[in-house]
Structures are given as C-alpha cells and as structure tokens.
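Please examine the sequence and the structure shown below.

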Amino acid sequence: MASRPLITLTFLLALALTGCHRDPAQGSHSGNQAFPYPASKSWAHCVSTVELGRARAPLFDGMEVDMNYSDWQDRLFMGHNLCDTSWGLTFGMWLDSLPQPVTECLWLDIKNLTPDNASRVAHQVLAAARRHGIVDRVMVEHSHAEALRIVKDSGLHVILWVDNPWWSGSSEEEFRARTQAQIDSLHPDALSGDYHNFPRLPEAFPDQNIHIWDTPREYNDTNVAHSRTIMQHPAVKVVLVDYPLPVDAL
C-alpha cells in the first residue's frame, strides 16, 4: 500500500494537471463565461460621442460604438473614421462620461484593428473596462480573425464581422466554407453582418450567436416591424437600431 504522503502528492499532481487543461473552444475570458446578453435585443447604433452616449445610455441595455487606434499617439479614440481622432476623445474618457455606474453592454467596432496593433488595443480596452467593472460586458468586433484571436487571448469577448458574399464576388459555397474555417479557428462569441445577411447567417451557422446591423433611420411602422422580424429569430442576440423600440425584449 502506498504511504499517505505519496497518495497526497499523486492527488495534488493530478489536480494541478487537470486545472492547467483548457479547452481552446471555450476561449480565454474570465471563467470562460458566455457573454451576458441583456433581455433587450435592440442596441443603440453608432454611439461615438459624449452627447449620444449620455442620451442613449438610459434608453438601451447595449450600445455599439466606432473607434480607431492611432499608432503614432498609441491611443484608442472614439469615431467612425481615423480623422475623428482629432476630437481627442479616448475610449476611457467616453466611458467616464456615461451615467455612472456603467450598466450597458458594449459592442466595440474598432475600424482599423490589425494583428500589429491588436495587443495594444486590447490593453487599452481592458484598462478602461476594468476601471468600470465591465470587462465581461464588452465585445470587440472586426473581420480580421487573426487580430481578433489576439484580442480574445487578452481576455475579451470578440465578434467576427462577416461580409456579404456578393461584396467579395464569392459563391455561397465559398462564403460558407471561408466563414466556417474562421469560426473553427477563432471560436468567436458571435458573428455580425448587415441586414442583407439575414436570414443567411443564422441559417448557415445555427450554432452561432448572431448580431445584425439593421438601423432603419426613419421611425415608422414598416421599419419597426422589420426590426422585430429579425429580433424574433432565436439565434439573433443583437439588432442595431437608431431609435429605441417600444417593446423589444423578444
């Protein structure tokens, strides 16, 4: 019979080896938790200024923002275009300007994310999000799977943006094969695309969370019905809109 110290040592070694194993499909978020989607599927679209942030935050449970990283300044600025960095509004400053505490989920569309700057971008997103205790409620979006892998490995949730097949001139089969290869490599938290990709995305990739950029700018019965139709699909978790819907927790 083995002695008690040997049994204890063997048990501790086995426990340590088990604890070091990580399923790569689970990602690298804190505790490998799934993104905590709010009940409401309608999120505010393009909230990249202090004024819009303060106005939209009380109306939506989630907001999408556009950002650009300035290499020469090594700072992450709010804005849809690189020239918008001239505003001088960083992601951290924008977060600080929101009603406190920050309770919204955030979809960060970082326009110029690359493998070369992904680590620095992730560091700045994490620093700002940690100050507000919202790391688990932040998602970073881009079409570059390699850049997103670096962001994901830093501990953030990621969204893979998917182009429409006709934009790239590819066939439906090529589109599905290319996207599936990216999914298998990255294991993103969600796929995103514009409304032309509905219902293509949820039908082609039924196991994925789907985000749709809808944003009909005019508030009328037809546009509201269109948004609701997209939201009713169980795989769709987020629909970006430019106005709050009266009842949107579908």
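Contact here means heavy atoms within 4.5 Å. Helices (H or I, at least four residues) and strands (E, at least two) are DSSP runs, numbered from the N terminus. The model is a predicted one, in which local features need pLDDT of at least 70 and side-chain atom pairs count only at pLDDT 80 or more, while totals for chains, interfaces and linings use all residues. Residues are numbered from 1 along each chain as its sequence is written, and side-chain values use heavy atoms, with hydrogens and water left out.

Helix H9 spans residues 221–231, and its buried residues are Asn 223, Val 224, Ser 227, Ile 230 and Met 231. Buried denotes under 20% relative accessible area, exposed over 50%, and partly exposed in between (1.4 Å probe, protein chains only). Viewed down the axis of H9, the buried residues fall within an arc of 125°, so they line one face of the helix; the arc is that of the directions from the helix axis to the C-beta atoms. An α-helix has 3.6 residues a turn, so residues three or four places apart point the same way. The cover over the buried residues of H9 includes strand S1 (42–44), strand S8 (210–213) and strand S9 (236–241). On the face turned away from the buried side, H9 carries the exposed residues Asp 221 and Thr 222.

The structure also holds seven salt bridges, each defined as a side-chain nitrogen of Lys or Arg within 4 Å of a carboxyl oxygen of Asp or Glu. Side chains of opposite charge can pair when their charged atoms come close. One of the salt bridges joins Asp 66 and Lys 111 (3.9 Å, N to O). This pair links distant parts of the chain, 45 residues apart: Asp 66 belongs to strand S2 (residues 62–70), and Lys 111 to the loop between strand S4 (105–110) and helix H4 (118–132). Asp 66 counts as buried at 2% relative accessibility, whereas Lys 111, at 31%, counts as partly exposed. A network of salt bridges links Asp 66, Asp 109 and Lys 111.

Arg 200 and Glu 172 form another salt bridge, with their closest N and O atoms 3.2 Å apart. Here too the pair links distant parts of the chain, Arg 200 in helix H8 (residues 200–204) and Glu 172 in helix H7 (residues 172–186), 28 residues apart. Arg 200 is buried, with a relative accessible area of 17%; Glu 172 is partly exposed, at 26%.
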